[in-house]
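Could you walk me through this fold, starting from a side-chain pairing and working outwards to the chain as a whole?

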Amino acid sequence: MVIPKPGKPDYSVPKAYRMISLLPTLSKTIEHVAIARMTVFAPYCHSPLQFACRKGYSPLDAVHLILEKVHKASNDKLYSSALFLEVQGAFAKVLHQRLAEITSTNNFPPYLVDWVQSHLAGRSV
């Protein structure tokens with residue numbers, strides 16, 4: 001889309017216009033709608049250690065779980081270690097087939113499984 005820049009004296013010059021692309025914006029909107037629908041099913045997944053995207057769970061809950069496990073290990077005279085990662089864009093870097101298996105076996109509706117596979121088609125790590 002071409003938008004004229006405000007206050008330019010001559011609109012016959014290309015620099016008087018700003019080019020923007022609406023496609024990434026639309027794509028992000030669709031992704032957010034899909035994420036909102038998928039989070040409805042997150043509580044039914046079989047992992048009690050999944051805290052992200054679940055209502056009623058916060059990072060503080062994850063910290064309490066870690067502290068509980070560290071205290072238990074300490075009481076049992078064991079050592080504890082932890083590795084924390086922040087992965088940006090992890091959804092696009094996930095193993096596609098594995099994600100399809102997880103969503104299928106956790107009773108996600110087939111249309112969401114198909115949409116995720118379609119969304120990841122052609123992407124690679």
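R98 and E101 sit three residues apart in helix α4 (residues 96-105), about one turn of the helix. Helices here are DSSP runs of H or I with at least four residues, strands are E runs of at least two, and both are numbered from the N terminus. The side chains of R98 and E101 form a salt bridge, at 3.3 Å from N to O. The term salt bridge calls for a side-chain nitrogen of Lys or Arg within 4 Å of a carboxyl oxygen of Asp or Glu. R98 is partly exposed at 46% relative accessible area, and E101 is partly exposed too, at 38%. On that scale, buried is under 20% relative accessible area, exposed is over 50%, and partly exposed is what lies in between (1.4 Å probe, protein chains only).

A word on provenance: this is a predicted model, where local features need pLDDT of at least 70 and side-chain atom pairs count only at pLDDT 80 or more, while totals for chains, interfaces and linings use all residues. Residues are numbered from 1 along each chain as its sequence is written, and side-chain values use heavy atoms, leaving out hydrogens and water.

The salt-bridge count comes to two. The other pairing to look at joins the side chains of K72 and D76, at 3.0 Å from N to O. K72 is exposed, with 54% relative accessible area, whereas D76 is partly exposed at 42%.

That brings us to helix α2 (residues 59-75), whose 17 residues reach 24 Å from first C-alpha to last, close to the 24 Å expected at 1.5 Å a residue. The expected span is 1.5 Å times one less than the number of residues in the helix. D61 lies in α2 and is partly exposed, with 30% relative accessibility. Leaving aside neighbours within four places in sequence, D61 is in contact with F51 and G56, where contact means heavy atoms within 4.5 Å. From I66 to A82, 16 residues apart along the chain, the C-alpha separation is 8.7 Å.

What does the backbone do just after α2? K77 takes a positive phi of about 60° there, although K77 is not a glycine. As a general rule, most residues other than glycine have a negative phi. K77 belongs to the loop between α2 and α3 (90-93), and at 73% relative accessibility it counts as exposed.

Now for the inside. Which residues make up the largest nonpolar core? There are seven of them: M38, L99, F108, L112, V113, V116 and L120. Helix α5 (residues 110-120) supplies the largest share of this core, with four residues. In soluble globular proteins, nonpolar side chains tend to be buried together. Setting aside residues up to four places away in sequence, L112 touches A34, R37, M38 and F41. L120 lies in helix α5 and is buried, at 2% relative accessibility. L120 and H96 are 24 residues apart in sequence, yet 6.9 Å apart in space, C-alpha to C-alpha.

Some nonpolar side chains are found on the surface as well. V2, Y11, Y17 and M19 form a nonpolar patch there, with about 410 Å² of accessible area together. Patches take residues with over 30% relative accessible area and no salt bridge, joining like charges within 9 Å and nonpolar side chains (Val, Leu, Ile, Met, Phe, Trp, Tyr) within 5 Å. M19 is part of strand β2 (residues 17-19) and counts as exposed, at 65% relative accessibility.

Stepping back, the protein chain has five helices and two strands, which run β-β-α-α-α-α-α from the N terminus on. Of its 125 residues, 15% count as buried. The chain exposes about 10,300 Å², and carbon and sulfur atoms supply 64% of that. Accessible areas come from the Shrake-Rupley method with a 1.4 Å probe; for residues, only the protein chains shown count as cover. Among contacts between residues at least 6 apart in sequence, 39% join residues at least 24 apart.

Terms used: A nonpolar core is a set of buried Ala, Val, Leu, Ile, Met, Phe, Trp, Tyr and Cys residues joined through side-chain atoms within 4.5 Å.
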